[in-house]
Amino acid sequence: MKTLLPIAALVASLFLPACLVQAGDAKEELKELVGQIQTKLKAGKNSPKDLAENFAQFDKLIAAHKGEKTDDVAQMVMMKAMLYIQVLDDEKQGLPILTQLKKDFPGTRPAMAVDRILEGLEKQRASKDIQRKLAVGSKFPDFEEQDVTGKPLSIARFKGKVVLVDFWATWCGPCIGELPNVLSAYEKYHGKGFEIVGISLDSDRAKLEKFTTDRKMTWPQYFDGKGWQNKLAGIYGVNSIPATYLLDGEGKIIGKNLRGEALEEAVAKALKK
């Protein structure tokens, strides 16, 4: 699991019964349908065929409550749209539903969330476009910044070294879970030419510095205090963390998001070349 950009968390919350704020039959009907969908998704049943019956149920419920301009009914429409967009990756079907929701249910909470969701989806599309260009075998675009101590920081400064570019944060559980593997690889191969460049999505400098000191993370860290709005995270299309790129001595990408033993193996192989 990764820690996701806030839009993903927002969208995920739309599938939770806790977000239903009004009482009534519509709420109970929707809660039951959401439970059915969650059960399917947990079982890996997430294809259009798997969910066809559920889409039909959405249509039936929405028709049954036609004319009710409540949060609950608007939520039904919202969930149908997001099921297309986030689960089936089908914006062609989902986006028109969101647009219609905003028009048909003015003043409801789901309608007021539409613009924020559309903005987040646009950012996700831009991130995916950038990530596609950062494929294994391509050159990792360099940057000229300063690390948390004020020293110059760039990939070019490590020319001839194998470099792991690590987007992470102290508040990211999966990042911390992977940290022992990163530390192990660094301790084992740093003396042989392995470097790490951390790019922290933290907003608290003191917390970051204490954490890296306590964990003996001696490699440089880029920090601008902007969290998910981190400058370099935006440039490289990062929308979930941890996100890592392993680079060879010429700055070419030789691995992405390597975990555990796979990281050490890739570093060892690269250093032998």
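**View 1. Strand 4 is mostly covered in this predicted model.** All seven of the seven residues of strand 4 (162-168) are buried, where buried means under 20% relative accessible area, exposed over 50% and partly exposed in between, with a 1.4 Å probe and protein chains only. Helices (H or I, at least four residues) and strands (E, at least two) are DSSP runs numbered from the N terminus. In a regular strand the side chains alternate between the two faces of the sheet. On one side of strand 4 lie Val162, Leu164, Asp166 and Trp168, and on the other Val163, Val165 and Phe167; both faces are covered. Residues are numbered from 1 along each chain as its sequence is written, local features need pLDDT of at least 70 and side-chain atom pairs count only at pLDDT 80 or more, while totals for chains, interfaces and linings use all residues. Side-chain values use heavy atoms, leaving out hydrogens and water.

**View 2. Strand 4 pairs with strand 5 and with strand 8.** Two strands pair if DSSP finds at least two bridges between them. Seven bridges link strand 4 to strand 5 (residues 194-200) in the parallel sense, and Trp168 stands opposite Ser200 in strand 5. Strand 8 runs antiparallel to strand 4, with five bridges, and Val163 stands opposite Leu247 in strand 8.

**View 3. The open sheet has five strands, in the order 6-5-4-8-9.** Its pairing is mixed. Strand 6 (221-223) and strand 9 (253-256) are at the edges with a single partner strand each, so one side of each has no neighbour in the sheet. Strand 8 (residues 243-247) and strand 9 run antiparallel and are joined by three bridges. Tyr245 stands opposite Lys256 in strand 9.

**View 4. The largest nonpolar core has 48 residues.** Such a core is a set of buried Ala, Val, Leu, Ile, Met, Phe, Trp, Tyr and Cys residues joined through side-chain atoms within 4.5 Å. Phe140, Val165, Phe167, Phe194 and Ile241 touch the most other members. Helix 7 gives the most to this core, with seven residues. Not counting residues up to four places away in sequence, Phe140 is in contact (heavy atoms within 4.5 Å) with residues including Ile155, Val165, Tyr245 and Leu247. Another core, of 29 residues, lies apart from this one, and Leu51, Ala74, Leu101 and Leu121 are among its members.
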